[in-house]
Amino acid sequence: MGDAPRDQLGVGMVGYSFMGAAHSQAWRTAPRFFDLPLRIDMRVVAGRSADGVRAAAERLGWQDSTTDWRTLLERDDVELVDVCTPGNTHAEIAVAALDAGKHVLCEKPLANTVAEAEQMAAAAERAAERGVLAMVGFTYRRVPAIRLARELVADGRIGEVRHVRAQYLQDWLTDPAAPLSWRLDKDKAGSGALGDIGAHVVDLAQFVTGESLVGVSGLLETFVRERPVAASSSGLSGQAGEGTGEVTVDDAALFFGRLSGGGLASFEATRFAAGRKNAIRLEINGSRGSLAFDFEDMNVLHFFDDGEDARTAGFRRIVVTEPDHPYIAAWWPPGHGLGYEHGFTHQVVDLVEDLAAARQPRPSFADGLAVQRVLDAVERSWQQGSGWVELS
């Protein structure tokens with residue numbers, strides 16, 4: 001296979017389920033709405049089932065399919081490897097791809113352990129010296145309202161950050177008859193709600209405030225310790241088969257911490273919040289004002305300016321759909337909201353622009369490692385009776 005043209009980015013993806021479908025939609029859509037500096041070529045998707053991956057390639061828009069992800073590293077027409085597999089495979093695939101000279105986009109959390117994340121960050125640092133770049137997919141950074149919140153904090157509109165309250169609430173496991181999946185297996189997932197969704201709000205808190213967590217104390221709980229074995233699965237749901245198996249991850253995580261600027265932060269991640277489907281809630285209180293966001297109303301950011309006249313002061317509801325708002329100019333007329341999938345499209349846009357400029361994409365693998373260290377500290381705190389754990 002010949003080399004791809006210099007203005008073209010040949011993409012190979014590993015994994016084609018929930019995240020693979022979301023990433024595929026983004027690779028297809030980004031060049032149709034944004035003026036990208038590189039032409040995206042969706043070359044090949046890899047998966048374990050020959051029939052399944054062949055059908056996925058046809059359905060999701062990939063030219064070719066394979067059951068061996070290693071063949072992506074041998075193809076001259078693949079310049080970037082997109083890793084959409086369970087966490088226990090991230091390190092092997094990403095490190096091999098970087099060492100083979102392929103750019104990498106890897107889903108979050110970066111790895112299952114700090115040791116694996118350190119290995120990946122080191123590989124990314126080595127690769128960057130050769131112009132080979134890597135990014136971790138904390139997609140909610142690309143929600144326009146979240147990006148606006150970061151800009152307001154950076155501009156000093158809420159002053160010194162004093163409090164962060166961050167929640168990620170889902171309910172897809174409230175039924176004890178919901179079957180097992182790889183997300184409930186510590187060997188494959190690393191952790192449960194803590195890593196799967198807690199990682200997102202840790203990243204968002206640090207991203208929006210521009211600060212890092214310097215210490216944490218945490219508590220984990222598993223409410224349903226045994227579930228039916230799955231006969232089949234699709235996305236987050238599945239059909240129960242015969243027999244049961246052990247749940248080896250947490251169902252919920254609660255932890256608090258201190259930010260590098262001295263502010264306090266509290267976090268909650270659960271898949272047992274009945275009625276909450278994908279409630280990512282972030283509130284930041286500063287010395288001059290506050291910001292509040294809920295992903296279940298994702299096109300809105302609430303902003304409070306403490307300097308306003310007390311008679312009329314209150315939270316301002318900002319509908320983040322104006323052309324001047326982040327990413328919005330490429331989409332619809334004002335007031336015509338975006339959805340879940342748009343964050344993945346914006347992720348592709350930012351990544352492609354960074355690759356074309358030979359600029360380090362963010363969040364980097366080093367950023368992903370920083371989040372992994374927070375998750376590890378929470379788990380160690382819980383194991384030690386919820387004591388305080390410092391982060392270096």
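# Reading sheets, helices and loops in a predicted model

Modeller: Helices (H or I, at least four residues) and strands (E, at least two) are DSSP runs, numbered from the N terminus. This is a predicted model, in which local features need pLDDT of at least 70 and side-chain atom pairs count only at pLDDT 80 or more, while totals for chains, interfaces and linings use all residues. Residues are numbered from 1 along each chain as its sequence is written, and side-chain values use heavy atoms, with hydrogens and water left out.

Colleague: Where is Ala358 found, and is Ala358 buried or exposed?

Modeller: Buried means under 20% relative accessible area, exposed over 50%, and partly exposed in between, with a 1.4 Å probe and protein chains only. Ala358 is not a glycine, although its phi is positive; it is found in the loop between H9 and H10, and with a relative accessible area of 65% it is exposed. Ser386 is also not a glycine and has a positive phi of about 70 degrees; Ser386 lies in the loop between H10 and S17, and at 26% relative accessibility it counts as partly exposed.

Colleague: Which peptide bond is cis at Pro109, and which one at Pro363?

Modeller: The bond from Lys108 to Pro109 is cis, with omega near -20 degrees, and Pro109 is found in the loop between S5 and H5. A cis peptide bond also joins Arg362 and Pro363, where omega is about 0 degrees; Pro363 lies in the loop between H9 (340–356) and H10.

Colleague: How should the length of a helix be checked, and what span should H9 have?

Modeller: The expected span of a helix is 1.5 Å times one less than its number of residues. For H9, the 17 residues should span 24 Å, and the end C-alpha atoms are 26 Å apart, which agrees. The 15 residues of H5 (residues 114–128) should span 21 Å, and the end C-alpha atoms of H5 are 21 Å apart, which agrees.

Colleague: Which residues of H5 are buried, and what do they pack against?

Modeller: An α-helix has 3.6 residues a turn, so residues three or four places apart point the same way. In H5 the buried residues are Val114, Ala117, Met120, Ala121, Ala123, Ala124 and Ala127. With contact taken as heavy atoms within 4.5 Å, these residues pack against helix H4 (90–99), strand S5 (103–107), strand S6 (134–137) and helix H10 (365–383).

Colleague: In what order do the strands of the parallel sheet stand?

Modeller: Two strands pair if DSSP finds at least two bridges between them. Here 6 strands form an open sheet in the order S3-S2-S1-S4-S5-S6, with parallel pairing. Strand S3 (64–66) and S6 stand at the edges, each with a single partner strand, so one side of each is left without a neighbour in the sheet. Strand S2 (residues 39–46) pairs with S3 in the parallel sense over 3 bridges, and the bridge partner of Val44 in S3 is Asp64. Axes are lines fitted to C-alpha atoms, for helices over the stretch in contact, and angles run from 0 to 180 degrees between N-to-C directions. H10 packs on this sheet, touching S5 and S6, and its direction makes about 40 degrees with that of S6.

Colleague: What is the strand order in the open sheet of 9 strands?

Modeller: That sheet has the order S16-S15-S14-S13-S7-S12-S11-S8-S17, with mixed pairing. At its edges stand strand S16 (316–319) and strand S17 (389–390), each with a single partner strand, so one side of each lacks a neighbour in the sheet. S16 and strand S15 (residues 300–305) run antiparallel and are joined by 4 bridges, with Val300 opposite Val319 in S16. H10 packs on this sheet as well, touching strand S8 (213–221), strand S11 (252–259) and S17, and its direction makes about 55 degrees with that of S8.

Colleague: How many disulfides are there?

Modeller: A disulfide is a covalent bond between the sulfur atoms of two cysteines. Under the rule that a pair of cysteine sulfur atoms must lie within 2.5 Å, the count comes to 0 disulfides. Cys84 is in no disulfide, and the nearest cysteine sulfur, that of Cys106, is 8.5 Å away. Cys84 counts as buried at 10% relative accessibility, and Cys106 is buried with a relative accessible area of 0%.
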